[in-house]
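Hi,

Here is the structure I promised to hand over, with my notes below it. Have a look at it first, and then read on.

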Amino acid sequence: FKLPPNSTDGGVGALTTGRDDALWYLTREAIGRITTSGQVTEFPHQRVGGLFEYSRGAMTLGPDGNLWFVGATPGMVPAAAIDRITASGQVTEIPLSTKESGPVAIAWGPDVDIWFASASDGVIGHVSTTGQFTEYAVPGQLRDLVWGPGDVHWFTSAEGVGRISLA
């Protein structure tokens, strides 16, 4: 499907499916929603600007039905927040404890929290849908994370593959 012309400046990054069965994506200037029939709605968001000069961003559906995402601030500064957007386009920014922590991955965990991995400061953390944070220091520059079997989050870093257990 074709996206609006401004959407493709710098490309389209993260993609996920929303509770509404539409596809949600990040672009350099907006968070977008596209139905399977091709109807596009975009929600401009100033913190997304400059996203692709830093990273591809990441996005996941949360247990609250909202889309949660990470990106970079304008001027290639790593993000220091986790953001969520409602189906109507309302964005809420939840600041992280470390300025310029650079979250690069985000996933919904079995504890119904949103988990993230920060590249700049070697932190894996989780945030509840009400904004309560817990963070864990791990070695290496983090790149991605995924929920796996046995109540374990697996992550990748410049050093290899690791895990953090909830048990």
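**What I found in it**

β5 runs antiparallel to strand β6 (residues 67–70), and 4 bridges join them. Trp68 in β6 is the bridge partner of Thr60.

Before going further, some ground rules. This is a predicted model, in which local features need pLDDT of at least 70 and side-chain atom pairs count only at pLDDT 80 or more, while totals for chains, interfaces and linings use all residues. Residues are numbered from 1 along each chain as its sequence is written, and side-chain values use heavy atoms, with hydrogens and water left out. Strands (E, at least two residues) and helices (H or I, at least four) are DSSP runs, numbered from the N terminus. Two strands count as paired if DSSP finds at least two bridges between them.

**The protein as a whole**

The secondary structure comes to 1 helix and 17 strands. The protein has 167 residues, of which 49% count as buried; buried means under 20% relative accessible area, exposed over 50%, and partly exposed in between (1.4 Å probe, protein chains only). About 8000 Å² of accessible surface belongs to the protein, and 52% of that surface is from carbon and sulfur atoms. Those areas come from the Shrake-Rupley method with a 1.4 Å probe, and for residues only the protein chains shown count as cover. Among the protein's contacts with a separation of 6 or more, 36% are between residues 24 or more positions apart, where contact means heavy atoms within 4.5 Å.

**A sheet from β1 to β4**

Another open sheet of 4 strands has the order β1-β2-β3-β4, and its pairing is antiparallel. Which strands stand at the edges? They are β1 (12–17) and β4 (40–44); each has a single partner strand, so one side of each is left without a neighbour in the sheet. From one strand to the next, the twist averages 20°.

β1 and strand β2 (residues 23–27) run antiparallel and are joined by 4 bridges. Leu15 has Tyr25 in β2 as its bridge partner. Strand β3 (residues 30–34) is joined to β4 by 5 bridges, again antiparallel, and Gly32 is opposite Glu42 in β4. The two strands β3 and β4 make a hairpin with 5 residues between them, and Gly38 in the turn has a positive phi of about 100°.

Strand β15 (residues 142–148) pairs with strand β16 (residues 152–157) in the antiparallel sense, over 6 bridges. Asp144 is found opposite Thr156 in β16. Their hairpin has 3 residues between the strands, and Gly150 takes a positive phi near 80° there. β16 also pairs with strand β17 (residues 160–165), antiparallel and over 6 bridges, with Val152 opposite Ser165 in β17. The hairpin of β16 and β17 has 2 residues between the strands.

**Aromatic pairs**

How many aromatic pairs does a search of the whole structure find? There are 3. The rings of Phe, Tyr and Trp (its six-membered ring) pair if their centres lie within 6.5 Å; planes under 30 degrees apart count as stacked, over 60 as edge-to-face and the rest as tilted.

Trp115 and Tyr136 are stacked, because their ring centres are 6.2 Å apart and their planes are at 5°. This pair links distant parts of the chain, with Trp115 in strand β12 (residues 114–118) and Tyr136 in strand β14 (residues 133–137), 21 residues apart. Trp115 is buried, at 0% relative accessibility, whereas Tyr136 is partly exposed at 32%.

Phe116 and Phe133 make an edge-to-face pair, 5.9 Å centre to centre with 80° between the planes. Phe116 is in strand β12 and Phe133 in strand β14, 17 residues apart, and this pair too links distant parts of the chain. Phe116 counts as buried because its relative accessibility is 0%; Phe133, with a relative accessible area of 27%, is partly exposed.

Best wishes

Technical notes:
Axes are lines fitted to C-alpha atoms, for helices over the stretch in contact, and angles run from 0 to 180 degrees between N-to-C directions.
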